[in-house]
Structures are given as structure tokens and as C-alpha cells.
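Good morning, and thank you for coming.

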Amino acid sequence: MKTLQMMTRRSGVSLARAWRKAKAVDWFQRITFLGLLLLAVFMALPIIFIFNHAFKPINELFLYPPRFIVQEPTLENFRDLFLKTQSLVIPFTRYLFNSLLTTSLTMIGVIGVSSMAAYAFSKHVFPGSKFFFALTIFALMFAPEAVAIPRYLVIANIGIMNTYFAHIIPLIAAPTSVFLMKQFVDQIPNELMEAARIDGAKEWLIFFRIVMPVCTPAIATVAILTFQGAWSQTETSNLYIQVESMKTLPYYVMTLTNGLANNVVGQGIAAAVGLIMFVPNLIIFLVSQRRVLATMAHSGIK
Amino acid sequence: MSVATESAKPGQPTVRTRVARPGLLSRIWANRISYIFIGPFLITFVLFILVPVVVAIGLSFFSFNAISMPKFIGWDNFLAILSQDRIFLQYAIPNTFKFALIVGPGGYMMSFFLAWLINQLPKGVRDWFTLAIYAPSLASGVAFAVVWPVIFSGDRVGYLNNLLLNWGILDQPVLWLQDPKYFMYIMIGISLWASMGVGFLAMLAGLQTVNKELYEAGAIDGISNRLQEIFYLTIPAIKPQMLFGAVMAVVGTLKAGAIGAILAGSPITPQYSGHLMINHIDDFAIIRYELGYAAALSVLLLLLVYGATKLSFQLFGSKEDE
């Protein structure tokens, strides 16, 4: 109890200290700070809610009157998720494995493919380079949802239906990633590459030894954006995979939550799995927030 | 659409060919390494973006049910959509415009305004607010599919109902997610809540690069308040990021439409109250298997997205290379 008090006091003190350290805080900043604080708390409510809901024991989930904050936190829901679903035809862990595998392969693929294309678009001049890059900018507005059926036909015809590739390859074409990387590579002075070239370095060596290391903030950003997209998309499981054992976690969440308003049995499990879906997103952003903003500074379309 | 491509950069890696004016083929061969670099991207781009769009345009002129051979019917799909499809005309179109006009520009302006406010604060506290405002955009989609039905549950146990009943605003529980009166507003609310995404980060990052001296110079030139500062200095300074944010807002709005199906648990929302064009496409493509008709709807949606993007470019694009 005492340590808890100390901890809250200390974190309060550090925020207050950061606030006081900032010089020349005028009335406008004070009002902005207060207003944003209120808004941030309001906006965080659903997020605080899912954290609490996932740890509620079954009697608290359906308590009347409902309580927002968990009274006696328990890992019951998570235990149910891991153990009870183990007896089903497809256990939860299988979906989790599929998601982890396909999401990480997608991230690796997008980073590799996008950074290679970005380097060529930024530092090479070749016939069609301007046209292809213009096409990429044009495709920033592309939303796969709008052409789900033609994409289905393409995937059926290249023979990757019902394979893990169907989760991965359609997401590799990422114009936003190529664009963000290209803007970042633009910042690398050409002299750096010229010097390496005089020393006899080949293009691949320049790419791996100079471009990739300098671009780590952009790579981190692309990794995060790809993760967010791949980790929570249901499109590929819904449309391109008919084999239940190859579907991913978001699909499983969807089957749990469909018609949840009427079906109260799986609510605890659904909250737990929802939290498992959400937390990695949050952590990854938290860790690399600075790098993301450094990349985004160059995101402008001129 | 004005797209900036930088003029020839010094220090190109191209192997200089001996011929004074080499033909296209030999220039392509000389640059083969560049094509290898963009190759993987280009192949996936063509397969999963270009071909689907072209196929959608082609299919829109056919009657196709996925089993028998496609039959060419010319403009009939489009004519049917615009003249006979009562659900499209009565629900999908008005709903789509209502949703898109509020969530698109609304979310975009909120993103800019909040980014600007955060940028007014001292550096040490900015990160916390950035995280708090950005986090909801991570929480959209299926992960929170469990949260909304519980919060908006139609009985007394529902959190919103309970709160409003306790405050005396309601005297009996409201069926939030079943009542067509409220469904659209809940969709819009959740989408706005989650609309501070990549575009928000881009604008925030852009704002941090704006030179402080710009404002001092502005003050000398007679800019007296913050509103003038925003319109005459800030927005022009971060125009490229504003454009990127606008394009992301257009795409984001289209994606946000999925919330209706998540809330309703099926592509068809209660009495079509949240029926958007994207749901209409899914209805015809996945439920009714009228693929040609669905493709024609896709083409209309793509045109809409294209129009919105073009408008963004006209508002924020750089004029000089038009």
C-alpha cells in the first residue's frame, strides 16, 4: 500500500516536474493542457474498459448495475481461452500461431520489397522510374476492400488459395510503405553513395551497408504500419482460406463476437482475446513512437 | 493530379553507355539493376492492385454469377444501379455521403487541430498526449468488436444505458444497436474516435519541423493572433504533410465503413440504417454472387475515392508542376 502511494506520488511528481521545467508556460498552454487532458481521458475510456473487462470474473461481467472498473481481477478469462478452447477442433493457440507466423513473414516481406523499391525510386534514374513512382503515389488511395472479388479471382488463379501465402503475398504490395521509405531515402546525401561507388562497392552492398542502416527509423515505421494492418485484418481468412486450421486470430475473434449482443456466454473469452489483439499494437507503438514521428516528418507529398 | 518527381539527381549509378543516344532497350538493359530493385514491388503491385482494378472495370460490363460464363451486357449494370436499385438509391448513397462527409473531413480536421494543440505544449508532455490520441486508431476493427456491443447493449445492464438512466437523461433503456435512429450516429462516433491515425502522426511530425523564426517573422509582418498564424503560416508550411494526411483520411474513411458490419454482426445493418456502398458491394458479391453487378458498384466507389483524392490534391498539392 505504501509503495503504491509512493509510486503514484512519484509519477505525479515527474509529470509535474516536466511541466514546470518547460519555460514560459502561458495561459493558452494551461488551457490547452487541461482541455487535452480531459479529451485524452475521455478517449481512453474504451481502452481502459477492455483492460478491465478482460480481467473481470464471470459474475462481474453481468453484474447489475454494471461496473466499469474491475473489482476482483482474475486471469479466469485467459485461462478459459487457453484451456477450454484446447478441446475444440481448432484450439485458440493454432489461430495465434497462424497469426504470428503470417504477420511476421508479411512484415519481413514488406520491409524488404518496399525498401528495395524505395532505394531505386529515390537514387536511380531509369526509364519509367517517374511513371512507376507516380503510379505508386496514385495507389496511396487504393483500398483493397473495394475490389475484394477481383482480388479473389487473382489469388484463385495464381494458385495460392488455402496456403499461408494467401495471408502474406496480397499484403506485400504496400504503396504507403514504399512512399514513406522513398521520402526517407531522399534525405541520404548522394555523396555518401558516390564515395562508396568510387571505392568499388556494388549496388547491393550500398543498399545493405549504407541505405538500410541509415533508414532504421523508416523501417521501424513501415514495420509498425504493416503489423497493424496484417495483425488485425480478416480479409484473407474470410475470403482466401477455407481450411479452418489455417485461419488467423482476427477471424477467430470475429466468430466469437458475431452477434455478441444476444450471446453472453463467450463474453469473457472474447474480451480476453480482444485484449490480446490490441496490446501488441500499443506496445510496438509505445516503443518506437519517436522513430515513427521522425519518419512521418518526411511523409509530405510535394 | 500533380505529382512531384524530382529532377535528375547527381551521381547516378547508371552504367554510362558508350553510344551517344542509346535506344530504349539498351537503356533498360543498362539499368537492369534498378529493375531488379523495384521488380518484387512492381510484380505484387500489378497482381494485387492494378489487375484487380482493371478486372473490376472489365467485369462491371458483364453479368457473372461465378458459375456460368460471364455474359457481356454493356452499361446495363450501371443503368440498373442508378435507376432500379432501390436499396442503393434510398440507403447506400445517402448513408455513404453522410458517413463520408462527417468522418472524412471531420476526422481530418480533428486530426489537424489536435496535432496543432499537442504541438503548442512543452516537449516533455507531448509524447503522452500523442499516444493517448493515436491509440484509438489502433483499437479499431475486430479487437474492439467485443467492447461496443457491451457498452451499447440495449438493456439496463448496458453501460451507456445505465449511465444515462442514472443521470436521468433517459427514463428507459434504448436499443442503441438495433434502433435505426441511432445506428448511423454510433458508427460515426466510433469512426471519429478512431480517426487520428497515420495522417495525424504525419501532421504532428510536420508541425515539429516548422521553423520557429517563421512565426517571429510573421509577427513582424502583422500577424496578430493564432488563428491567422494557422492559416497564413502553419498550413502553408506543412502543406505536403497535410496532403498526405488528406489522402490517408480518404482511404481511412473507406476502411472505417467496416464498423457497421462489426456492430451489426452481419453486412446488413438494422433496416439498412448503416448501409454504406462497401456493404452493398459485399451484399452482392459475397451473399448474392452477382459479381458483375458488384464490380460495377466497386467501380462507382473507386470513382468516388478518386474524386475525393483529386480534391485533396487540388487543395494541398503544389501548383508549380501542374
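Predicted model: local features only at pLDDT ≥ 70, side-chain atom pairs only at ≥ 80, totals over all residues.

Is chain B a compact globule, or is it more spread out? Its radius of gyration is 25 Å, whereas the globule rule gives 20 Å for 322 residues; the value is well over the rule, and chain B is therefore more spread out than a compact globule. Along the principal axes, the C-alpha trace of chain B spans about 85 × 70 × 35 Å. Of its 322 residues, 43% count as buried. If we take the contacts in chain B between residues at least 6 apart in sequence, 66% of them join residues at least 24 apart.

We now move to chain A, which is divided into domain 1, residues 25–74, and domain 2, residues 86–296. The C-alpha centres of these two domains lie 31 Å apart. Their contact takes eight residues from domain 1 and eight residues from domain 2. On the domain 1 side, the largest share comes from α2(A), with four residues. By class, that side has six nonpolar, one polar and one charged residues.

The UniProt record, an unreviewed entry, lists several spans of chain A under "transmembrane region", including 131–152 and 206–231. How much of each span is helix? Residues 131–152 of chain A are 59% helix and 0% strand, with end C-alpha atoms 27 Å apart. Residues 206–231 of chain A are 96% helix and 0% strand, and their end C-alpha atoms lie 32 Å apart.

Next, the two chains together. In the contact between them, 96 residues of chain A meet 97 residues of chain B. Which helix gives the most to the chain A side? That is helix α15 of chain A, residues 267–296, with 14 residues. By class, the chain A side has 69 nonpolar, 18 polar and nine charged residues.

Finally, the core. The largest nonpolar core has 165 residues, and Ala117(A), Leu201(B) and Leu297(B) touch the most other members. Both domain 1 and domain 2 of chain A give residues to this core, so it lies between them. Leaving aside residues up to four places away in sequence, Ala117(A) touches Val178(A) in chain A, together with Phe37(B), Ile38(B) and Phe41(B).

Thank you for your attention.

Conventions. Residues numbered from 1 in each chain as written. Chains lettered and ligands numbered in written order. Core = buried A, V, L, I, M, F, W, Y, C linked by C-beta atoms within 7 Å. Buried ≥ 20, exposed ≤ 12 C-beta atoms within 10 Å, placed from the backbone. Domains from an automatic or database assignment. Contact = placed C-beta atoms within 7 Å. UniProt positions renumbered as here; feature names shortened; annotations may be inferred. Helix = DSSP H or I, 4+ residues; strand = E, 2+ residues; numbered from the N terminus. Nonpolar A, V, L, I, M, F, W, Y, C, P; charged D, E, K, R; others polar. Rg over C-alpha atoms; globule rule 2.2 N^0.38 Å.
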